[in-house]
Amino acid sequence: MVTQKSSNSKKNAIVVYTNPDNEESALVVQRQATSAPIVSSYNDRIRPLLDVVDRLRHLQVMKEGIQLPTIVVVGDQSSGKSSVLESLAGISLPRGQGICTRVPLIMRLQNHSTSTPELFLEYNKKVVPTDEEHIADAIKVATEEIAGKGKGISNASLTLVVKKNGVPDLTMVDLPGITRVPVHGQPENIYEQIRDIIMEYIKPEESIILNVLSATVDFSTCESIRMSRQVDKTGDRTLAVVTKADKAPEGLLEKVTADDVNIGLGYVCVRNRIGDESYIEAREEEFRLFDSHPLLSKIDKSIMGIPILAHKLVQIQATIIARCLPETVRKITEKLNANVTELNRMPKTMSSTAEALTAFMRIIGSAKESLRKLLLRGEFEEYPDDEKMHCTARLAEMLNKFSDELQRSSEKYSTKNFLMDEIRVLEEAKGIGLPNFLPRTAFLTILQGKVKIISSNPVGFIEDVWEYLEEVVVTILMYHSDNYPQLQLSLRRAAHSLIARMKDISLNKVREMVEMEKLVDYTCNPDYMTEWNNLMALQDNFIKEVLDEKKERVQLGIFGEIEVAHLRMFAHVLQQAIDLKMRMTAYWKIVLRRLVDCMALHLLFSVNNLVDKDMDTEIVNELMGPRGGGIERILEESPALAVKRKKLTSSIKMLKEAKDVVASIMDRIAANGEEVG
């Protein structure tokens, strides 16, 4: 570290020089007419990059989810945060009891070649010029306009631009000091409000955290340290500034060398301005303090003083900007392309009925084609990951489930009261006539009982199918009319009405099928006779074993092992009962298959009619009816759509400007072969 004083009697400031051949920066205190408070050799190289970032911040690209490299200043209340920023900028900021910074203050420091400083504030879409003498009052006025009078805070930002000879080229965001206990006039949740603002700014990986700590406290107890460690566990993004070194020099060397709180970018110890000291006098006193104090002079000179802090910040800022800029370009391009694509997908504003009719026909045509793919052809490339929309597969599953339920209901054979239902029916169906004839009424009675048991299954199946189809149809119609919300109510109403009508038709059809199976017994399927003959082949042996007094249980083909003792008292009708049982068993298989087949055919027929015939008719009737409002409704752009169009247009304009801003500096870097950082 080399220091020197100029013999020039004109009063001026500290200058920071960087020697690229040495690891440490040299702090030189000198007085000369043309120098300024703090100057870094990085200024000329970092300024263009910083201008780009500041321009992007002014364009508010962060509202598009694009984070910018930012130095964020945080600290507990009364940690000396404002004093550090004053020393860097060479200006006075608002001071007083409680929270002085009530809004995020974006400080843009720019080294200015002229001797006359230029200061102005930007907030609420206006620019307010000011000067060094009135800057504190101007900030108070602006803060009250943004956050209101009193002691409340706001997350709406205020920008302070300082163009001054000798200041480092830096952009920093000063956030409200952390306080846990609200004072009079502050909201009860003031801590939570401040915490939320701080976390919003320090969470992005692009943010550098400048954590201001007072030497008078235990660093590990600082709330600002706790917050920064939540988002930067390794400390790689955190630089600590230790203020009030002159008030608590004991043990400071151990604090900054032990690093118990994991500060990855290191520490800088500073002495802030006291009383009426000028900024030049404050820097000189700071140098004398760290150079001559018996304890503080033992601290490495490379981590002491405001000039060193400025130098570190400029270096860190240059590095983070150079690292993040390519990714920022990529994100801007991606967001721009996405917004352009989304805007192009939106419907064009229409001015004639012909245009509205064309748009309406396009909606119906595209919706019908999607339904054909999903419901008829089994093509689901439009919904590859949504299994619910793989309609042919889901309908097949529903049909298979219906078939399985019917089969399970017919496979329940009683082993204790076998043939008793048939015997009771035969006893009640007997009449005066030739013996050994099987009464048809007995067969129909048994059949009606079995049909009654399963009669709710087809109805439940139809209800489930149409509920599913309604969901699919509504989903498709809403998707293809997404850009025309003024139509969606009519389309949804038409879908509900159509599905309800077709569901009623299906339910009537199913109930008719069930009634036919109850009242009529017929099949031309040869499987009936084949199955009956196979079952009847068991009859003679079964009767023989039933009449054997020694037998309690008998094996009977598909019916399994059954109890037979109770059948011996009904030997006179046993042959007829077995015949009736076997005929019903053979015929019931035909009935179940017929129900499943008919359901499948009816379902496919109904779905075809739904897509190709009924849907567009229903929609047109609904739209042209008294509640529909006519085709002209498409001409009315909804407020939500108009807001979305305006927002996208504004975003695209901003992103194009942002892309041009970044492209200009990237071209310059590429052309000159520059490297920053």
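**View 1. Helix H11 against its two partner helices.** The axes of H11 and helix H17 (residues 571-624) come within 9 Å of each other and cross at roughly 115°. That is why H11 and H17 count as roughly perpendicular (65 to 115 degrees; under 35 is roughly parallel, over 145 roughly antiparallel, the rest oblique). H11 passes H17 in a right-handed crossing. The other partner is helix H12 (residues 440-454): its axis and that of H11 (residues 420-429) also come within 9 Å, crossing at roughly 135°. So H11 is oblique to H12. Here too H11 makes a right-handed crossing. Handedness goes like this: left-handed if the near helix is turned anticlockwise from the far one by less than a right angle, right-handed if clockwise. Axes are lines fitted to C-alpha atoms, for helices over the stretch in contact, with angles from 0 to 180 degrees between N-to-C directions. Helices (H or I, at least four residues) and strands (E, at least two) are DSSP runs numbered from the N terminus.

A quick note on what you're looking at: this is a predicted model, where local features need pLDDT of at least 70 and side-chain atom pairs count only at pLDDT 80 or more, while totals for chains, interfaces and linings use all residues. Residues are numbered from 1 along each chain as its sequence is written, and side-chain values use heavy atoms, with hydrogens and water left out.

**View 2. The largest pocket.** This one has a volume of about 1,300 Å³. Of its 37 lining residues, Arg-57, His-58, Leu-59, Gln-60 and Lys-63 are the closest to the centre. Helix H18 (639-672) is among the elements that supply at least two lining residues each, as are helix H1 (43-58) and strand S3 (70-75). H18 gives the most, with 6 residues. By type, the lining splits into 14 nonpolar, 11 polar and 12 charged residues (nonpolar: Ala, Val, Leu, Ile, Met, Phe, Trp, Tyr, Cys and Pro; charged: Asp, Glu, Lys and Arg; polar: the others, Gly among them). A pocket is an open set of points on a 1 Å grid over the protein atoms alone, with protein on both sides within 12 Å along at least five of seven lines; a cavity is a set where a 1.4 Å probe fits but cannot get out, and lining residues have an atom within 4 Å of a point. Points are joined across faces, edges and corners, and a volume is the space filled by probe spheres set on them.

**View 3. The largest cavity.** The structure holds 5 cavities of 30 Å³ or more, and the largest has a volume of about 80 Å³. Its lining includes Ser-82, Cys-100, Arg-102, Ile-139 and Asp-174. Sorted by type, that lining gives 6 nonpolar, 3 polar and 2 charged residues.

**View 4. Two residues with positive phi.** Gln-60 has a positive phi of about 65° although it is not a glycine, and it is found in the loop between H1 and S3. With a relative accessible area of 42%, Gln-60 is partly exposed (buried is under 20%, exposed over 50%, partly exposed in between, with a 1.4 Å probe and protein chains only). Asn-262, not a glycine either, has a positive phi of about 65°. Look for Asn-262 in the loop between helix H6 (252-258) and strand S11 (267-269); at 33%, Asn-262 is partly exposed.

**View 5. Gln-77 and Ser-214.** Gln-77 sits in the loop between S3 and helix H2 (81-89). Its relative accessibility is 28%, so Gln-77 counts as partly exposed. Gln-77 and Ser-214 are 137 residues apart in sequence and 9.9 Å apart in space, C-alpha to C-alpha.
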